[in-house]
Amino acid sequence: MKPNPALDKDLRDRIDAWWRAANYLSVGQIYLCDNPLLERALVPDDIKRMRLGHWGTTPGQNFIYAHLNRLIAAHDLDMIYVSGPGHGGPAVVANTWLEGTYSEIYPDVSQDDAGMRRLFRQFSFPGGIPSHASPETPGSIHEGGELGYSLSHSFGAVFDNPELVVACVVGDGEAETGPLATAWQSTRFLDPVHDGAVLPILHLNGFKIANPTLLARIPREELVALLQGAGWEPRFVEGHEPAPMHDAMAAALDDCLAGIRAIQGAARRGERAASGRWPMIVLVSPKGWTGPRSVDGVPVEGTFHAHQVPIADPRGNAEHRRLLEEWLRSYRPQELFRSDGRLRDEIAALAPRGDRRMGANPHANGGALLRALRLPDFRDYGAEVRERGVRGIGDTHVLGPFVRDVCVLNEPTRNFRVFGPDETISNGLGAVLEKTDRQWALPVRAGDEHLAPSGRVMEVLSEHQCEGWLEGYLLTGRHGLFNCYEAFVHIVDSMFNQHAKWLKVTGRLPWRRPIASLNVLLSSHVWRQDHNGFTHQDPGFVDHVMNKKPEVVRVYLPPDANCLLSVMDHCLRSRQYVNVIVAGKHPSPQWLDVDEAAAHCAAGIGIWDWAGNETDGLGPDVVFACCGDVPTLETLAAVQLLREHLPELRVRVVNVVDLCRLMPREEHPHGLDGRRFDELFTTDKPVVFAFHSYPWLIHRLTYRRSNHANIHVRGYKEEGTITTPFDMTVLNELDRFHLAIEAIDRLPVSERKLAVKRAFRARLAAHRRWIEAQGEDMPEIRDWRWAGGGVASD
Ligand SMILES: Cc1ncc(C[n+]2csc(CCOP(=O)(O)OP(=O)(O)O)c2C)c(N)n1
C-alpha cells in the first residue's frame, strides 16, 4: 500500500504517541494499583494481587482507535466503535480516558495522576469495573463478552442512520461463531440511500485462547473470496513495524471511507453502484503486539500465550516485575504524560471534538436520541365480540393491520422496524406488507413479492441476525418488533441473556438514557403446530426469560386478539424491558371486546365473572385458572362441561395475561400482594391451572402463595407429534376433559362425580378412536362454542 500523503511525520508521530499512551494505560489497568506514572521502580505493592484482563487483542484495538480518531477529525465523521472482542476492555477504557469522555462521565477518574491511579485500580477490581467493553464504558453499545454479535449489532445501528459509520472490530476467533459468520451477509440488506455504513476491521491476530484461528490459517485468496462472497472488498494492513503500519492503516481507512462514500453517493444520486462490494479492512498484526516477546523462555508476542495476562506473577517474582517494568517503560510514558498525569496537548489534540469523540457519540447512548413512537389507537383495530367465544380470524391476523399502521405512522421518522426469520407472513402479520416491503439489496426477480431496496421489514433466515439487528437498532435509539416461531426463538436464548444483562446494568447508570424495549412476538406456538410436529413444539423460552432480573423482563400471554392488541400497544410504549408476547395465529375464540380487553390487560389478571357461576356470594368450590389462548379455550370448555354435568358446583375462572402478576410483589414490580392473590385464588380451594408452557414454571412463581399446595398445573409435558390440534392438548392432559376430571378429583367424592368422570373418560376414548379413523377432530370439538352466555356488553 502506498504511503498516505495525509499522514505527515508529525501526524504519524502523534498517532503513534496516542497508541503508546493507550497501550501504557491498558497494561497499567491490568497490572497496577499504584505508581501509575512509574515515578519510581516498581515494588510488589504497586501491583494488583489479582491480575485479570485480556492483553492479546488490546494493542490492535488501541491502534485502530487511534487511527479512527484521525479519520473522524479529518472528515468530521459521525462514527461509533464496536469492539467485537470486547474482552479487550482495557483498550476502550484507555481510549475514552485519553479523549476525555471517561472523566466527563466519571469525574473521580480524572485526567491526571490521581485519576490515572483510580483508572488502573478500578479495572477488574471488586467495586470497580468489569474487564470487558461493558455498559459502563462510554461509547459502547456492545459488550463483546459473549462473542459473535458485533457485526449484527453494527448493522442494526446503521439502519436508518444514513450518516453513521460503525467501525466494527471483528475478532478472527469471534468470526468462527455462527452468528458472526452469517452476519457478513448483512450487506445484502443494506440500503445505501437511507442506511449508514459498517466498516468491519477483521482483526487477524491469528489466535484465540489457545488455538490458531481458521481465518488466519486458510490461504489468503480463500479469505478474500470468502469476504467477497459476502459483499465485501477487503484491504489488508499487515505487519508489525509501527511506522509502515501507521501509513498503511491511514491509507486503508481513507480508501475505505472513499469507497463507502462512493457507494452511498451513487445510490443517493439515484445510480446503483456497479460493484456493490463494501470496503473493509483486514488488520494482520501480532497478538499481544508490543508486549513481552517471551516470558520464562516461552514466546508470547504473536502467540496465543498473549491472550490474557502475559506476565503471570510480577508481584511475587522479581524477574517478572522487571519484565513488566521494562514493558511499561517501552512506551516512554514521560514523553506521553506530563508530571501531573495529563496527556500532552499535542497528543490530546488528535481526539475529535465534542460529540464526535467515539465515547461521546449520542448514537452509543441511544436513549438520548429516542423519540416516542406515534401509535394509532389500538381500539380501532379491535375484533368485534358480540357474543363471547365467537370465532376469530387468528389473533396475530388482527394485530397485523395495527403493526402495519405503526410502520406507516412512523415512516417519516424512520424509527420502527419489524424483524423476523422469513415468518412475518407465516406468523400472521402479512398485513404489514400492504404498506411497506421487505428490505433487500440483491436483484429482484419476477415472481418475488414485497422485496425492495428500502422497507420496514427485515427478514433473513437467521434468528441471530434478526435479534442482533434489532438489538443494535434499539441500542441506538429506535423501536422494533421481532416475530419468531416460538420453538426456534431458543436459538437466541443466549443473545437474549446478554441483552437482558445489558438492560439491567444500564438501568442503574444514570448517564445511560432508557431505550425502547425489545419486543418479541412468539407465534406459531406449541399448541398449533399440527403440520410441523414435535420439532416445532417448545414453549420453554418463557422459562428462560423468567430467570432474568424482574426489573427487565415481562411475559404476556393474551387470551384473544383484543388482548393481544392492548398488550402490543403497551409494549411499544415501554422502555428498558424485554417483553415476550405469546399469541396464536389460527382462528380461535374471542372472549373480550376491545374495552374489556384493555381493562383486563391493564389489570394483567382477573376473574371472568361471566364464565364462572359463583353468583350466590359463597365463593367457588373450585378455581380454574388459565394463561394462554389454547389453555383459555380448554378451560372454558371444561367449565362448560362441569356446569352442564355438575351444575351445583360453584366454579370461578381466573385468566392470566401478565405472567409476572403471579410472582410475589416483593419479587417483581408486577407481582400481586398476598391479599389480592388470595382473593383471586382463595386460600383453600383447589385450583386447576391450565398453562401454555411447561407446568413447573407456575409452581416456581407461586410456591410462596398461601394456596400453593392446592394449585394443580397442566401444561406442555413434551408430548407432541403431528396430530390434531385438540389431540395435542389431550396428549399433554391439558384438554377440557382432563381439566374437568382434575377438578373432580380434587373435590369430595360422590357417585355423581364418579359417573361424570367415567363419561369424560369415554369421550376421551371416543376422541382417540375418531381421530385415528378420520384424521381430524370430532365435530363436537371442532364446532364447540361457548354456551355460557355473557354478552360482551353485559
Ligand atoms: C461465544 C463465546 N464462546 C467462547 C468465549 C470464550 N472466549 C473468550 S476470548 C476467546 C478467543 C477470542 O478470539 P478472538 O475473537 O480472535 O479475539 P482475540 O484473539 O483478539 O482476543 C474465547 C474463545 C466467548 N467469550 N464467547
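Which side chain meets that of Arg 322 in a salt bridge? The partner is Glu 319, with N and O 2.8 Å apart. The structure is a predicted model, and its salt bridges come to a count of 58. Side chains of opposite charge can pair when their charged atoms come close.

- Arg 322 and Glu 319 both belong to helix 11, which covers residues 318-329.
- Three residues separate Arg 322 from Glu 319, about one turn of the helix.
- Arg 322 has a relative accessible area of 41% and is partly exposed.
- Glu 319 is likewise partly exposed, at 39%.

**A pair between two helices**
- A salt bridge joins Arg 768 to Asp 727, and their closest N and O atoms lie 2.6 Å apart.
- This pair links distant parts of the chain, 41 residues apart: Arg 768 sits in helix 25 (residues 751-774) and Asp 727 in helix 23 (residues 725-731).
- Arg 768 is partly exposed, with a relative accessible area of 28%.
- Asp 727 has a relative accessible area of 3%, so this residue counts as buried, the cut-off being under 20%.

- Arg 746 and Glu 742 form a salt bridge through their side chains, with an N to O distance of 2.7 Å.
- Arg 746 is partly exposed, at a relative accessible area of 40%, whereas Glu 742 is buried, at 5%.

Definitions and conventions: Residues numbered from 1 in each chain as written. Predicted model: local features only at pLDDT ≥ 70, side-chain atom pairs only at ≥ 80, totals over all residues. Heavy atoms only, no water. Salt bridge = Lys/Arg side-chain N within 4 Å of Asp/Glu carboxyl O. Helix = DSSP H or I, 4+ residues; strand = E, 2+ residues; numbered from the N terminus. Buried < 20%, exposed > 50% of the residue type's maximum accessible area, 1.4 Å probe, protein only.
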